[in-house]
Amino acid sequence: MKKWLILLAAVFLVSCGGDQRPRLFVYNVGEYMDTSVLEEFEEEYGVRVIYETFDSNETAYQKLKAGTTAYDVVFPSDYMIEKMIKEDMLEKLDFSLIPNFENLLPEFTYLEYDPKNLYSVPYFWGTVGIVYDTRLVNGSVDSWSALWDERYEKEIFMYDSQRDSLMVALKLLGYSLNTHKTEELEAAKSLLIKQSPFVIAYITDVVISNMIAGNAGLAVVYSGDAAYIMDENESMEYVIPKEGSNLWVDAMVIPKMSNNKELAHAFIDFILRPEIGLANTEYVMYSTPNALVLEELEGEGWTENDAFNPDLSKFPNLEMFKDPGEFVAEYDRIWIEILAGAK
Amino acid sequence: MVKKWLPNAYLCLIFFFLYAPIVVLVLFSFNASSRATGTWTGFSLEWYVELFEDRQIRGALGYTLIIAILSTAISMVVGTLSAIGVYKLRKKARGYVLNVNYLPIISPEIVTAIGLMILFQSIRLNFGFTTMLLAHIMFSIPYVILQVLPRLYAMDPNMAEAAMDLGATPWQAIRMVVVPEIRPGIFSGALMAFTMSLDDFVISLFNTGNGVTNLSIEVYSMARRGIRPTVNALATLMVAIVFITVLIANQIQLRKKVRG
Amino acid sequence: MNENIKRFSYPYIVWISIVIVIPVLLIFLYSFIQSTGEPVVFRFTLQNYRDFLDPIFLNVLWHSFIIAAISTAICLLLGYPVAWVVSRLKPHRQSSALMLFILPMWINMLLRTYAWITILSRQGILNKILARLGMGPFHMMYTDFSVSLGMVYNFLPFMILPIYTSILKVDGHLIDAARDLGASGSHVFRKVMLPLTMPGIITGVTMVFLPAMSTFVIPQLLGGGQYIMIGNLIERQFLLTGDWHFGSAISVVLMAFILLSVWAMKRFDGGGSQAGTAGKGALPW
């Protein structure tokens with residue numbers, strides 16, 4: 001009995017004591033950072049970084065809303081940042097603590113979701129498009145309609161995220177991806193349900209390993225994931241369809257509930273350092289808004305790649321998501337009807 | 001003849017079905033390719049190195065063990081005492097307790113999970129270690145009670161009373177008379193609680209926060225990303241631990257038999 | 001002095017009232033209210049249940065039921081012969097065989113489910129083997145097939161163990177007697193074995209059907225995001241859409257469905273037999 005008690009006490013001490021360094025809670029998209037940079041940050045600042053990941057903006061929003069974890073730095077996308085600002089969930093940043101902000105390209109700051117750039121610091125940007133297996137597809141794909149081509153039955157992976165999948169259908173129909181018209185959403189819904197026999201599944205990050213393995217011929221992916229896939233599987237190609245697509249920016253924000261705002265600022269500034277930015281860019285292969293990182297990459301074949309770094313002037317139909325506000329209920333409803341109806 | 005080999009062949013087939021995926025997991029943890037794609041590209045121990053360097057996994061492993069040990073210890077003690085008390089309750093009260101006790105066992109895990117989450121949320125508990133531990137204790141105790149009660153019924157009801165008539169306090173009676181009688185029940189209940197806690201995913205997922213995770217939660221997020229074979233390396237280690245534990249347990253039993 | 005010992009149960013009664021009864025009541029409460037936009041102010045409503053009556057959601061419920069029922073049936077068809085074969089082995093072999101069924105359950109369920117992705121994918125191991133034999137490739141991953149396979153794989157031991165226990169309890173002489181009286185093999189099975197092992201079958205069916213009906217992990221990993229079962233629907237309401245009220249309403253429906261099935265099983269069992277429970281102690285009948 002006594003031995004047991006001692007053991008229990010030991011366990012308890014280990015669980016409570018241990019690490020007394022201040023903790024920084026970081027909440028990022030899955031596979032979106034070279035986590036070895038976290039260790040560098042820990043050493044430099046003598047803190048412990050708790051790193052958690054999410055796989056859609058909606059999940060991240062609910063998690064923040066529920067307030068079960070006091071995150072210090074979060075990496076949501078444009079439209080979600082707009083929503084969070086509206087709902088007063090974000091802290092105004094103190095840019096005197098983020099001197100590296102000036103490393104950023106001007107075209108990625110002061111964007112519509114944060115017009116005065118008070119709350120957010122861009123992390124990566126990119127597009128959404130189709131990655132396809134050139135061995136399966138004769139010629140090249142240039143339109144979203146390829147995803148409705150019956151030749152590609154059971155060859156398609158869609159993305160399990162409501163805005164991204166609805167975007168595909170809305171763009172193909174020629175509507176805005178920020179539509180507030182229920183009938184346009186309904187039309188997109190019918191189109192996606194019509195597509196379901198051709199679709200293998202709606203998945204998120206697993207799409208990467210699936211496409212590298214060649215488990216499907218076509219998939220809707222984010223540009224950086226496409227760059228990654230193409231790097232590992234040479235028969236894969238990426239295209240931004242001619243009907244247009246989504247141009248997005250993911251940025252770092254500090255939630256109001258953060259308990260360690262000073263450290264959070266330091267972390268954001270740390271991420272903007274050129275060498276850290278470079279490590280992350282090489283790891284995740286998304287397009288960087290950091291001018292210094294871009295300079296480093298010059299001439300390595302990265303900057304000329306459409307998946308990695310598209311020349312935006314060539315793609316006039318790119319649109320950014322906006323927060324649908326109350327209309328989000330319609331998106332939720334339509335989305336669940338698509339998923340449940342797609343079986 | 002047919003009668004002899006057919007059943008055995010069938011049994012082997014079922015074992016093959018149960019173990020093939022585990023073999024695949026183990027095999028591909030040594031695959032050189034960075035992708036869990038099903039193509040063998042050569043032997044490598046890279047994923048083990050990566051696993052040991054993975055801070056998330058290390059942290060999750062620690063929390064999993066600490067929570068399993070604490071919740072098992074607590075539910076073992078509380079569950080045993082409660083079972084002894086429940087055993088002495090009047091029929092009606094006992095009926096109530098046992099019915100409520102069954103509830104977490106038959107309810108869908110997800111319903112239990114969200115029920116607790118709503119409870120913790122409404123009393124503004126800080127999500128993390130405490131909530132996860134409370135949740136694990138909550139679903140563990142019923143199993144301990146269910147394992148202990150049959151033992152109590154099998155026991156001579158007069159023993160504890162005789163002890164108390166001879167001047168023992170209830171506490172002493174329980175410790176020195178009742179507990180030795182029901183020990184097997186306590187241990188099998190504790191074993192159940194321990195394995196349930198180690199393996200729990202759904203209830204933990206909804207009732208944690210602030211960086212506290214367990215292995216299941218990490219595996220789920222790794223499996224949903226499906227990116228690197230470190231998952232396989234982790235699985236292999238778990239398989240190794242389970243098999244070694246079972247082997248040792250068997251050896252001990254054998255030795256006991258030989259001696260006895 | 002009984003009174004003294006009885007007291008040991010009081011803390012537990014308080015504890016279960018807080019962590020078991022109150023959560024159930026909270027889910028109930030949540031399912032009947034609607035947030036008015038203001039914090040603390042709520043309104044009674046049946047809307048959440050009305051929403052669920054949408055054909056789409058009823059379809060999800062129906063589909064969950066079908067998949068769970070099919071998986072349970074497969075478990076029974078595979079598991080009964082296994083239990084029978086094991087019960088005919090020599091005693092020391094029996095315990096090793098049982099050990100081998102329990103062993104995989106100690107390895108994390110998510111890992112074992114994940115393993116099937118490597119096996120079932122289009123470029124996966126199974127298709128590679130089949131290709132050698134000149135067949136395929138078959139489309140197996142992200143289908144009804146992969147999801148029910150995942151369920152059968154995870155829950156088969158829950159079927160085997162209680163049936164095995166109930167077979168052991170059958171008096172071998174009864175079978176010999178039936179044979180001596182001229183009953184054929186199938187006759188013996190239908191008239192003697194099946195009724196006598198029914199308690200084990202019922203426990204097994206319940207222990208497989210309940211988790212199969214409400215799991216959200218297996219459909220998520222092996223079925224993809226469009227593979228929505230009732231568990232996924234609840235999970236999405238809480239983690240993605242944030243509609244806790246609707247999520248609670250679905251939970252109440254699921255809970256009612258489960259309790260109803262348990263009750264039906266109990267009725268079917270005739271309420272008399274205790275055979276299945278003794279060994280497991282996990283289920284209340």
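Me: What makes N57(A), E58(A), A60(A), Y61(A), Q62(A) and L64(A) the residues of α3(A) that are called buried?

Reply: This is a predicted model, and the label rests on a count made in it. A residue is called buried if 20 or more other C-beta atoms lie within 10 Å of its own. In α3(A), the residues N57(A), E58(A), A60(A), Y61(A), Q62(A) and L64(A) get this label, so each of them meets that cut-off.

Me: What covers the buried residues of α3(A)?

Reply: The cover includes β1, β2, β3, α4 and α5 (162–172) of chain A. Another chain takes part too: α12 (230–241) of chain C is included in the cover.

Me: What makes β1 (residues 23–29) of chain A and β3(A) count as a pair?

Reply: At least two bridges are needed for a pair. β1(A) and β3(A) have 2 bridges, so they meet the cut-off. The pairing is in the parallel sense, and V26(A) stands opposite V73(A) in β3(A).

Me: How do you know that strand β9 (residues 247–252) of chain A is enclosed by the rest of the structure?

Reply: Look at the burial count: 6 of the 6 residues of this strand are buried, so β9(A) is largely enclosed by the rest of the structure. Both faces share in this. L247(A), V249(A) and A251(A) point one way, while W248(A), D250(A) and M252(A) point the other way, and all are buried.

Me: What makes β4 (residues 121–133) of chain A a partner of β9(A)?

Reply: Set the number of bridges against the cut-off of two: β4(A) and β9(A) are joined by 6 bridges, so they count as paired. The two strands run antiparallel. Within this pair, P122(A) stands opposite A251(A).

Me: Why is E262(A) called exposed, with 12 other C-beta atoms within 10 Å?

Reply: The word exposed applies at 12 or fewer such atoms. E262(A) has 12, so it is exposed. This residue lies in helix α9 (residues 261–271) of chain A. E262(A) and D72(A) are 190 residues apart in sequence, yet their C-alpha atoms are 9.5 Å apart in space.

Me: Which residues make up domain 1 and domain 2 of chain A, and how many of them are in contact?

Reply: Domain 1 takes in 21–125 + 249–309, and domain 2 takes in 126–247 + 314–341. Their C-alpha centres lie 25 Å apart. Across the boundary, 21 residues of domain 1 are in contact with 17 residues of domain 2. On the domain 1 side, the largest share, 5 residues, comes from α4(A). That side divides into 8 nonpolar, 4 polar and 9 charged residues.

Me: How many residues of chain C are in contact with chain B, and of what class are they?

Reply: Here 64 residues of chain C are in contact with 64 residues of chain B. Helix α2 (residues 10–31) of chain C gives the largest share of the chain C side, 12 residues. By class, the chain C side has 46 nonpolar, 13 polar and 5 charged residues.

Me: What does chain C contain in helices and strands, and what share of its residues is buried?

Reply: Chain C has 14 helices and 2 strands. Of its 285 residues, 45% are buried.

Notes:
Residues are numbered from 1 along each chain as its sequence is written. Chains are lettered from A and ligands numbered from 1 in the order in which they are written. This is a predicted model: local features need pLDDT of at least 70, side-chain atom pairs count only at pLDDT 80 or more; totals for chains, interfaces and linings use all residues. Two residues are in contact if their C-beta atoms, placed from the backbone, lie within 7 Å. Helices (H or I, at least four residues) and strands (E, at least two) are DSSP runs, numbered from the N terminus. Ala, Val, Leu, Ile, Met, Phe, Trp, Tyr, Cys and Pro count as nonpolar, Asp, Glu, Lys and Arg as charged, and the others, Gly among them, as polar. Domain bounds come from an automatic or database domain assignment.
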